[in-house]
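Reader: I'd like to see how the labels follow from the numbers. Could you walk me through them?

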Protein chains: 2
Amino acid sequence: MEIRTYLREQKEIVERALADYMLEACGPFAEHISTLRYSLFAGGKRIRPILCLTAARMTAGPELTDQDVLPTACALECIHTYSLIHDDLPAMDDDALRRGKPTNHAVYGEAAAILAGDALQCFAFELMSNEEICALPASTRLKIITTIARAAGPEGMVGGQFLDVMHEGRDVPYDLLRTIHAGKTGALITASVVAGAIAAGADDSRIRTLARYGDNAGLAFQIADDILNVESTSEQLGKAAGSDAARGKATYPALFGLEESRRMAREAARNAQIALEDFGDRGAPLRAIADYIVTRTR
Amino acid sequence: MEIRTYLREQKEIVERALADYMLEACGPFAEHISTLRYSLFAGGKRIRPILCLTAARMTAGPELTDQDVLPTACALECIHTYSLIHDDLPAMDDDALRRGKPTNHAVYGEAAAILAGDALQCFAFELMSNEEICALPASTRLKIITTIARAAGPEGMVGGQFLDVMHEGRDVPYDLLRTIHAGKTGALITASVVAGAIAAGADDSRIRTLARYGDNAGLAFQIADDILNVESTSEQLGKAAGSDAARGKATYPALFGLEESRRMAREAARNAQIALEDFGDRGAPLRAIADYIVTRTR
């Protein structure tokens with residue numbers, strides 16, 4: 001399959017839905033809503049919602065529509081975007097550029113950027129819970145919310161970011177690096193495929209299989225990110241290159257060198273693909289995404 | 001009824017539950033979890049969870065237990081606490097003192113405080129969604145999550161905070177002041193009583209009645225807060241007194257003077273009490289809380 005065509009088509013589906021769900025920017029809160037829209041429509045790759053949609057389709061019967069899954073898929077993108085806005089703040093990574101555009105706080109100021117992140121996280125949970133937006137059965141919606149809340153929270157994404165920030169400039173052993181990466185990147189990527197499978201009503205065994213795919217794809221994604229931060233230019237990345245080394249961040253290239261990191265990324269991507277063997281042809285899009293994750297240039 | 005005794009007893013119930021629900025501080029995320037616990041157990045009044053519990057009891061049959069409502073009540077406190085942590089940041093109100101203790105960022109640094117707030121908001125949604133924590137029927141849990149997400153999000157609490165920050169030092173007409181206060185304070189207070197009533201399975205008419213109580217109690221609460229910021233000392237408040245005027249914030253005393261503000265606070269509290277007339281004696285605790293809101297000294 002032509003993965004770049006697939007990703008482009010899926011990205012359009014996600015962006016149309018995101019535009020539909022986002023609150024209209026009018027009334028007293030219009031200016032606030034524009035600060036959310038600025039980052040939400042700044043040209044992200046939409047990997048997490050695409051993983052969610054793809055996992056749902058490969059585990060569902062024909063009765064499941066994209067419309068059933070899109071609120072969850074878009075909620076994942078809202079959570080990812082909020083985490084980027086907060087990550088970029090001066091007190092965190094202090095980045096001026098993101099997705100090739102000035103970061104949220106560079107445009108609207110720090111206070112507005114903190115609140116934009118807070119609002120996007122909250123809005124994500126409304127997307128998943130509100131029956132006027134998400135038509136899945138109540139128990140399914142709750143399972144999805146719990147899965148994503150656990151992945152994004154203190155023992156998932158935010159916990160990983162905390163460890164990441166606290167260990168800047170310090171020696172980080174390999175097992176801690178794994179914990180940091182599994183938290184800050186892996187947890188939400190795994191939750192993306194798992195939430196898609198839950199939306200599709202997949203059984204526990206398929207959910208476990210997809211979680212194994214997600215764990216490995218998430219690891220591959222983060223190692224590839226670490227490598228891109230070393231090898232690419234800021235222009236290619238749309239964000240500051242070389243920033244990890246400058247901040248003394250724990251990364252795979254710092255611990256293992258570039259060549260071994262590349263090997264580890266490919267191995268993780270392959271493990272993700274192997275996890276899907278039982279799915280046969282239906283697993284092709286997720287297998288192609290695993291390839292894309294380690295060959296992308298931004 | 002002796003309202004201070006009631007509030008003290010309820011506060012203990014809430015704090016025991018919060019301690020039960022909070023993640024144990026061990027493993028790789030232990031340090032992060034401690035930063036959440038620091039602010040969560042810094043001596044808050046627990047007004048929102050108490051409103052939630054009280055509204056649930058006055059609308060429920062005898063089969064509803066505190067245990068059914070406490071996950072929601074504690075989620076409200078997690079959301080309130082996250083908003084305080086972010087409010088106190090240097091980029092926002094830049095406060096060094098909160099509830100008589102150094103603010104979260106003063107102890108752990110800005111990055112950790114941003115992440116503590118993010119984690120607490122996320123954890124709130126896990127408390128409400130996870131069936132191992134909250135035993136209410138699925139459809140009830142979802143209604144509660146949607147209600148609280150709408151109240152805490154871009155068109156509720158966070159939206160109000162955005163308007164508040166953006167209008168510092170500017171002339172704010174009365175209708176905008178109402179919008180700011182209804183957002184930043186009123187929405188979550190109304191959601192507290194409404195969520196309690198939903199937990200108790202109250203019908204729409206009772207929910208509307210409680211929302212009217214909440215809107216007025218929330219207004220009374222915010223006017224009283226504005227007044228305390230002018231009249232009290234930092235020692236009494238446990239946070240910086242006089243900070244609103246110093247930052248050129250839109251407040252009732254700034255717009256109407258102290259005496260008229262006091263009258264308006266009492267009027268709002270009375271309107272909250274009048275809304276409960278149909279509840280008869282069962283409404284006594286919420287009526288007493290409305291009184292407490294405008295007579296408290298911190």
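Author: B:D94 sits in the loop between α4 (66-87) and β1 (97-98) of chain B, with helices (H or I, at least four residues) and strands (E, at least two) taken as DSSP runs numbered from the N terminus. This is a predicted model, where local features need pLDDT of at least 70, side-chain atom pairs count only at pLDDT 80 or more, and totals for chains, interfaces and linings use all residues. Residues are numbered from 1 along each chain as its sequence is written, while chains are lettered from A and ligands numbered from 1 in the order in which they are written.

Reader: Why is B:D94 called partly exposed?

Author: B:D94 has 14 other C-beta atoms within 10 Å. Buried takes 20 or more, exposed 12 or fewer, and partly exposed is in between, with C-beta atoms placed from the backbone. So B:D94 lands in the partly exposed class. Its phi is positive, about 55 degrees, though it isn't a glycine.

Reader: And what makes A:R46 count as buried?

Author: A:R46 has 23 C-beta neighbours inside 10 Å, so it counts as buried. A:R46 lies in the loop between α2 (30-40) and α3 (47-59) of chain A. Its phi is about 65 degrees, again positive without being a glycine.

Reader: Why is α7(A) called roughly antiparallel to α9(A)?

Author: Helices α7 (residues 138-152) and α9 (residues 174-199) of chain A have axes that come within 9 Å and cross at roughly 175 degrees. Over 145 degrees counts as roughly antiparallel, so α7(A) and α9(A) get that label. On the α7(A) side, the contact (C-beta atoms within 7 Å) includes A:I144 and A:I148, and on the α9(A) side A:L188 and A:V194 are among the residues. By class, that contact has 11 nonpolar, 3 polar and 1 charged residues.

Reader: How do you know that the two copies are related as by a two-fold rotation axis?

Author: Chain B superposes on chain A by a rotation of 180 degrees with 0.0 Å of shift along its axis, RMSD 0.0 Å. The two copies are thus related as by a two-fold rotation axis. In chain B, B:A138 comes closest to that axis, at 2.9 Å (C-alpha).

Reader: What makes you say the copies meet through the same surface?

Author: 100% of the interface residues of chain B are also interface residues in chain A, so the surface is the same. In numbers, 46 residues of chain B are in contact with 46 residues of chain A. On the chain B side, α6(B) gives the most, 13 residues.

Key:
Axes fitted to C-alpha atoms, helices over the stretch in contact; angles between N-to-C directions. Parallel < 35°, antiparallel > 145°, perpendicular 65-115°, else oblique. Contact = placed C-beta atoms within 7 Å. Nonpolar A, V, L, I, M, F, W, Y, C, P; charged D, E, K, R; others polar. Least-squares fit on C-alpha atoms with pLDDT ≥ 70 in both.
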